[in-house]
Each structure stands twice: as C-alpha cells, then as structure tokens.
Amino acid sequence: MMISPNTLVILLGTTALGTCCGLVGALMLLKRRALLADAIAHSTLPGICIAFLLGGSRSLAVLGVGALLSALLSATLVSWLPRVTRIRKDAATACVLGIMFGAGIALIGIIQRSGLGGSAAGLDGLLLGRTAGMLRSEALLFGISAMMMSLIILALRKELLVSCFDPRFGLSAKIPARSIDFLQTSLLAATIVIALPAVGVVLTAALVVIPAAAGRFWTDRFDMLLAISALIGAASGLVGTLISSLHADLPAGPVIVLSATTLFIISLLLAPRRGWISRHLQQRSRLQDRQIRQFLDGILNSELEGSSGVARKRQPGITAAIDRRNRLVSSRNGWIKTDSQQIRLTQEGRKRAVRARKALQIWREWLTSEASIDRDLIDLDEQDIEKILPPDLIDTLQRSIDHRGTS
Amino acid sequence: MIDPLLTPVAWQIMMVAACASAACGLLGVQLVLRRRAMLGDAIAHGVLPGLVIGFVVSGSRDLFPMLVGALIAAIFVSILAEWLREHAGVDGGAALGVVFTSLFALGIILVEIFARDVDLDPGCVLYGMVEYAPVQQVEWFGYSVPRSLTPVLGALLLNLAATVLFWKEWKLCAFDPQLARASRLPFRTLEQGLLILVAITSVACFEAVGSVLVIAMIAVPATIGHVLCDRMSSMVIVSTLAGVVSAVLGTVGAIQLETGVPGMMAVSAGGLLVGAVLLAPGRGLIPAATRNFSWTMRVEMEDILAEAHLQSMDSPPDHNDSAGAPSSRFFRILATWLLWTLGYIRNGIPVGRGERMARTLLKKRSLWKRFAAERMGLASDHLDEPAHRIEHHLDEDLTRRLESGFDSEED
C-alpha cells in the first residue's frame, strides 16, 4: 500500500483534529453540554455567509473569522439565556440552533440568488464537509491548531477539572470560574470551526460527542477520560481517513464519524464494569449466587430440623434447570455430597450456609435498629453485608440477636 | 409591498407553512416542558438513512416508501437514545448526539453508495421545498389545494386531537413524572406515544416544508410560549399562534428578500423570541430593568428629600452616607436632577409634594424604629440601618397598622 505524502499530511491533520475533538468533547460531556457542540456547529453558518458577503472571498481565514464570531455569539447566548430568563438549557440550545441555522440557510439563498459567483459549491460544501479535496496547507493548518488547543487543555487540566466538577470550590480556591468557562466555550468554538471544512456542520458535533461518550464507559477518572476520549478521537480520525483514501467514492467525514460510532458500540458492549455485556454478566452471576445461597439454606434448614439430608427432589418454586445448576455448582465446589437418595451439606457447605444466614440476620438487625431503611434492601449477599457494616457493629448486632434468642 | 402577499401562490405557501409550524408548535410545548427540545433537531438529522433505505427498497422516487423509512428511522432515534440513557448510563444529551449524528453519517454514506447514479437529492427532502408546494395540486371538495397540505394538515389534526385527548395525562407526565408513574398511568406508553407523534409530525413536515423548519418550529414557538405564559393551556395557544405568525412573516420576508421560506420563518420566529424575552410582561428583560431602575430612583429621591428636609429643620442628619442601601454616584446625580426638574426641591429645601414625601418617609422611619425597639427588642445602636432599608418598603396599609398598633397600646 502506498501512501502519498499528501495523504500523509491529511492523515496527520485529521488525527490531530480527532484528538482535539476528543479532549474538548470530554470537557463538554462532563459539563452536560454535549449538544452545545451541535448548536455551535450549526450556527457557524450565518457567520460564514456574512463573512462571505462582507469579505467577498472564499479564503478560509475570512470565513473562519466569521464562523468563529457567530459560534462564540451563539455559545454565549446558550449559556446566558437560561441565566436571565426562564428558558432552560435544552430549549436555549435548540432555539439558538434552529434560528441561526435558519438564518444561515436564508443567507445562502440570498447569496445564490444574488449571483455572487461560484459560492454555492463552496458554502454547500460546508454542510457536509470535504476531506478528500483538502489541501495540504489546510490540513497542516488544522493539524497545528488542533495540537495547540490540545496542549492548552493539557496545561490547564487542573483548572478544567475543578470547573467541571466543583465550580464553587474553584471560586474559593481563586480559580476564575468565569474565564475558565469562557475558555472552554472558546476552545469548543475554535475546534468546531477547524473541523468544519473537513467534516461539515452536522458531523463536527459527532466528532465532539461520540469519543467522549465512548470513553465514559471505560473510566470514572478525569485524566483517564481525557486520555481515552482523545485516543478514540485520534483513532477514528486516522482509521476514517485511511478507509476513505482507499475507497475513493467514500467521503471522509461520514467514514470518520462511523469509525467513532463503531468504537462507541464496542465500548458500549465490551467495557469492563460499565459495558453492557459485563453488566449483564454481573447481574447473572449475582442471581446465580443468590439461588445457590437459597438452595444451601434450604438444606441447612432441614438438617437443623433433624433430618440427616434432603431427598433428591426439587425445591419448590424453582425450575428444573436452575435446580440442576444449583446442584452441579454446589457439588463442584464441594459444598454438598450426594448419594443415591440424599443431598447432604459437607463441612465446607455448612460453614458457607451458616455464614450466609448469619450475615442476613445481622443485616436485618442493622436495618431495623440502626438505619430506618426500607426492608426491601434486606436482599443482599453475605459478602456485601460483611463489607458494608464495620466489624465492631457486626459484633454488637450479633450480641443483640443472641440476647433476643436467649430471652 | 402588499402585492406579493395577495398572489394565490404566496397564500398557498403560507397556508402549508402555517399548518406545519402549528403542528410542530403543539408538540414543541410538550417537548420543551419535558426538557427535550433538542429532539426535533435529532430526528431531523436521524431520518436520513431511513429515507435512503426506503428509496432503495422501493426503487422509485415515490414518496410513500421513503416516508415510511424515515418514520421508522425517527422512531428508532428517539427510542435508541432513550435506551442508551436509561440502560447504558449515557448522559441524555450525549446519547441523543451519538445516535442522530451516527445515523446521519450512515445516511450520507448510503446516499454515496446507492443513489449517486440515481436522481435522489437528500437535500431536497432535508432543506425544504415549501416554495414548490403550489406546483402539485389536488382537489378538495371542489377547491384546488396544494398536495403537500394533506400530510401537514393531517399531522396538525392528529396533534390537536392528541393534545386535547391526553391533556391531563401529558400535563401530569410533564410536570410531575413521579406522580404520573405512581398513579398507575401508563407513563411509558404515553411518553413513547409522544415520541412517535414527534416522529410522524417531523416526517410529514419534511416533505412539505423541509427539516430546517422542523428544527426551528419545534423549539422556538414553544419557547416563546414558555417565556410568556404560566399555564399549559395558554402556552399551547401562544405557541401555536407564534408558529402561525412566524409562518406569515417568514413567507412575506422570503418574498421580499428573494430567499427560502423555511430559513426566513426560522429567522422571524427568532425575532419573535427576542421580542418575547425582552418585552414579556413582568419578567421580560426590559420590564425587569425598568422596574429596577424606577425603584432605585424612588429610593434615591426619597433619601435625598429626607436628608434635605432634616437639614432644613436644622436637626443633624441622623445617618451617615454609609447607612441605607448602597447607591451609585450616577443614580444619585440623576435623582437630584430629577427632583430639581420636577420642582420637588428648591434651594436645598423640599417644597410641595417633595416636602410631603420627605415627611412621610421620616414618619415611616420613626415608626419602624419604634417598632423595632419596642416589639423586636433591637438594641438602640442597631435601629438606624434596618430602618433606612425598610422605610422605602412600608406601604400605606402597613404604616397605618403600625400607627394603630401603637395607638391602641397607648389607650
């Protein structure tokens, strides 16, 4: 496979772009402002049109300044409207988006009808983006600005962390919350303006939102989220551009976004702990643990009542499959011994069943005495209960149970 | 200027646009109340793959299969975003963002793959063709109306019926979802029904007026209603009206400026929103600022008059400037000028109405000081400052009651 130098530059450019979008997106996700990116991206349109009408040229610098100004204006409106009126954040976002985008479309109409030259192609290109036709100088420009913005974010990591999670603390620690907030918004606006020519109005928002949302599955830590989100953004920029350079008929913007989406789906399914599969498995294993606990408890009960074991018949209220699995798992772990007719607990199994029963008793006691909590919470496993309650409290509760037993 | 308004073509465009924005505005109220105003935008973008698949499967440019595809995609967007939010723990906004942008990207790629030889222009469906509404006509009871009026009017009637029918239920779901869940309402079904209605309406309107309009018309008129009204009933009416008015303004504006109707409708709706935010009675920015200003001026003027009065009586001013509400130099100068212009003060002595105002204020001040000292047991050195604040807020009724309270005590 040959990669021409031109492609290489574009590749580097989109990778840097993806990194930058991922970083900014992580900040926006934490501030619950993910859709602000969409609004800002749409509202660059009137700025671009006005810059075109005033500047009369299609040079990226002129259009970029226009886009940046109208992006900042709309970002300011979105954060200002909910503060001074009763309009909520989502409605402010949607309104600014709709109005600005509508204004942009109307301006495009005016430009097209006034016959100012080949504008239609250039401005329409901004709606959907055109990585394929990206010039080398443009790619270089985007790459460098994206890298610079990523560096700013990394340098101000601590301040941004505070402003995302605890702005009040930031105020007391003399971190200028307002300026940090404004800096974040400006970074978002600048990122979007840079990404705009490459991926277009709608998909820019995707590049900001998706990597961060995917990264959130993998971690609960701020630094890690920044890193993973940047990584996912970079990877999708890289892979997307590669794929689209191999298939000439595929536009790069959508391919980049779909690569990010693929990574999102992978994260959604496979991430440890927060991923769908692992959550599903956790739920299943909890359920199984509980069933086995009840199974052992049942045997313990009948042994305490004096019988030397339980007949090999199914316990009530359980399907045959679950019963079989209960017995299989228990005997594999050496908790029960099965002879021709009876199931008996081994030493080990007895210990386990008694421990579970005791923990449950303690939990119940704690709930009714110490915490006036709903009795529904009683249904926990012994490990959890022993983890939640401090040991000395367990002793006290045990004593109070014993005391009640004797009196 | 009136001329273009009167052409039947313009009337027909306006009619279609007005019905579409009324239909969107009705649902917009529900979405804005539920903090889901962005759903319109999401659906507008997310339907693209549905349109393309509908086109590819049917193999024709017939509208119906494309609309069915779009409808399925729209329902998919709303339900998938909801699922991600509830079952995968993704932030609501981000969930919506992930779903619709991904679908849009997929749609563009599908267009590139399937429709490049064939004449399918997604822009035609997405960016609005309301200007061509009058081209195709159908007969209704002997009248010739634009064909695209049918789906739009259908959506409007459907939404109207749903709003009236589920009035109480939707209201409860919007304002108190917990109670709605607890009171055995089919909460989930109602909310999903609303999402499906949004999908149907958006798709019906795309064909007629384009998605730009749907994005703006779901959010903006309802927000205007939200700014202006305190009740859901008035909010519904105001939102619908705002939608219709912006349709009229948008059509006229578009004809004047020779540009697209949907864009101009969004702009005029934006103008209405700005007007509402600035002028809303009671809580608009301008009424609020006026109220603040006139209050500040009153306080300043009363303070100046009272001080001047005390000085003219040769009694020492009983408070230094630091007491009382902190005031800026600007307002003080303005108040002094105003007093002089009104003739309330001459040569540093309050006269006429000014003197009456000064006396009233001083009376209130002494009444409050006495009240604070006798009834609230405040220490004597703590009397001045609160009295200087409260004196401006005592209305006639309260003054009378304070007086009569002291009088009855003396009896």
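What percentage of the 407 residues in chain A do buried residues make up? The figure is 43%. Keep in mind that this is a predicted model.

**Chain A on its own**
- Chain A has 16 helices and 3 strands.
- Take the contacts in chain A with a separation of 6 or more: 70% of them come from residues 24 or more positions apart.

**Where chain A meets chain B**
- On one side of this meeting place are 46 residues of chain A, and they are in contact with 49 residues of chain B.
- Looking at the chain A side, the elements that give two or more residues are α4 (89-113), α9 (177-215) and α11 (252-270) of chain A.
- The largest share of that side comes from α4(A), which puts in 16 residues.
- As for the kinds of residue on the chain A side, 32 are nonpolar, 6 are polar and 8 are charged.

**A stop at Val145(B)**
- You'll find Val145(B) in strand β2 of chain B, which covers residues 143-146.
- Val145(B) and Gln12(B) sit 133 residues apart in sequence, yet their C-alpha atoms are 7.5 Å apart in space.

Terms used: Residues numbered from 1 in each chain as written. Chains lettered and ligands numbered in written order. Predicted model: local features only at pLDDT ≥ 70, side-chain atom pairs only at ≥ 80, totals over all residues. Contact = placed C-beta atoms within 7 Å. Helix = DSSP H or I, 4+ residues; strand = E, 2+ residues; numbered from the N terminus. Nonpolar A, V, L, I, M, F, W, Y, C, P; charged D, E, K, R; others polar. Buried ≥ 20, exposed ≤ 12 C-beta atoms within 10 Å, placed from the backbone.
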